[in-house]
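I hope it is handy to read with the structure open beside it.

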Amino acid sequence: MEKASDDGKTVAIISYITLIGWIIALIMNNGNRTPLGTFHVRQSLGIMCVGVVFAIISGFLDLWILSSIVNIGVLVLWILGLVSAVQGEMKPVPLLGEQFQEWFKGI
C-alpha cells in the first residue's frame with residue numbers, strides 16, 4: 001500500500017462519481033498528470049466495466065438473486081476505491097485492481 005501526496009486527490013475522488021465524473025477526472029488528469037489521479041481513474045474505469053459486463057450477463061440470465069449479488073459486489077468495490085481515494089492511497093481494489101492497472105495502462 002503506497003501513500004501518495006495530496007496532489008491528484010481531487011481527480012481521484014471525482015473519478016468515482018458516475019461516468020460523467022470519471023470523464024471530468026480523466027480530462028483533469030490529462031491536464032495535470034499525477035500518479036494518484038491516474039491510478040484511481042484506472043481503478044474506477046475497471047469497476048465500471050466489471051459492473052456493466054456483469055449487469056449484461058445477469059440481465060440475459062434473468063436471475064434477480066445473481067443480479068443482486070453482483071450489484072452488491074460492485075458497490076463494495078466502488079466504496080473501497082472511493083475510500084482509498086479519499087485517504088490519498090493507491091490501494092488496488094480486491095480481485096481485479098492490479099489487472100485494472102495493467103489493462104488500462106494507456107490511460
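**Notes on the model**

1. Let me begin with S15, which touches G21, W22, A25, H40, V41 and S44, leaving out residues up to four places away in sequence; contact here means heavy atoms within 4.5 Å. S15 is found in the loop between α1 (9-14) and α2 (18-31), where helices (H or I, at least four residues) and strands (E, at least two) are DSSP runs numbered from the N terminus. S15 is buried, with a relative accessible area of 1%; buried means under 20% relative accessible area, exposed over 50%, and partly exposed in between, with a 1.4 Å probe and protein chains only. The side chain of S15 also reaches the backbone oxygen of A12 at 2.7 Å. Such a polar contact is a pair of N or O atoms within 3.5 Å; within protein, one must be able to donate a hydrogen and the other to accept it, and residues adjacent in sequence count only if both atoms are side-chain atoms.

2. A word on the basis of all this: the model is predicted, with local features needing pLDDT of at least 70 and side-chain atom pairs counting only at pLDDT 80 or more, while totals for chains, interfaces and linings use all residues. Residues are numbered from 1 along each chain as its sequence is written, and side-chain values use heavy atoms, with hydrogens and water left out.

3. Next, please look at K9 in helix α1. K9 is partly exposed, at 24% relative accessibility. Which residues does K9 contact, leaving aside its neighbours within four places in sequence? They are L36, A85, V86, Q87 and G88. K9 and S84 are 75 residues apart in sequence, yet 10.0 Å apart in space, C-alpha to C-alpha.

4. W64 sits in helix α4 (residues 64-86) and is exposed, with a relative accessible area of 64%. W64 and T34 are 30 residues apart in sequence and 40 Å apart in space, C-alpha to C-alpha.

5. N29, in helix α2, is worth a visit too. Buried or exposed, by its relative accessible area? N29 is buried, at 1%. Not counting residues up to four places away in sequence, N29 touches V11, T34, G37 and T38.

6. On the surface, V53, F54, I57, L61, L63 and L66 form a nonpolar patch with about 500 Å² of accessible area together. Patches are made of residues with over 30% relative accessible area and no salt bridge, with like charges joined within 9 Å and nonpolar side chains (Val, Leu, Ile, Met, Phe, Trp, Tyr) within 5 Å. The areas come from the Shrake-Rupley method with a 1.4 Å probe, and for residues only the protein chains shown count as cover. Helix α3 (residues 35-61) gives the most to the nonpolar patch, with four residues. I57 lies in helix α3 and is partly exposed, with a relative accessible area of 39%.

7. How many aromatic pairs does a search of the whole structure find? It finds two. F100 and F104 form a tilted pair, 6.4 Å centre to centre with 35° between the planes. Rings of Phe, Tyr and Trp (its six-membered ring) pair if their centres lie within 6.5 Å; planes under 30 degrees apart count as stacked, over 60 as edge-to-face and the rest as tilted. F100 is buried at 1% relative accessible area, and F104 is buried at 17%. Ring pairs link F100, W103 and F104 into a cluster.

8. The whole structure holds one salt bridge, meaning a side-chain nitrogen of Lys or Arg within 4 Å of a carboxyl oxygen of Asp or Glu. K105 forms a salt bridge with E102, the closest N and O atoms being 2.9 Å apart. K105 counts as exposed at 54% relative accessibility, whereas E102 is partly exposed at 47%.

9. Finally, two backbone angles to check. T18, in helix α2, has a positive phi of about 60° although it is not a glycine, and T18 is exposed at 54% relative accessible area. L95 likewise has a positive phi, of about 75°, without being a glycine. L95 lies in the loop between β2 (89-90) and α5 (97-103) and is exposed, with a relative accessible area of 79%.
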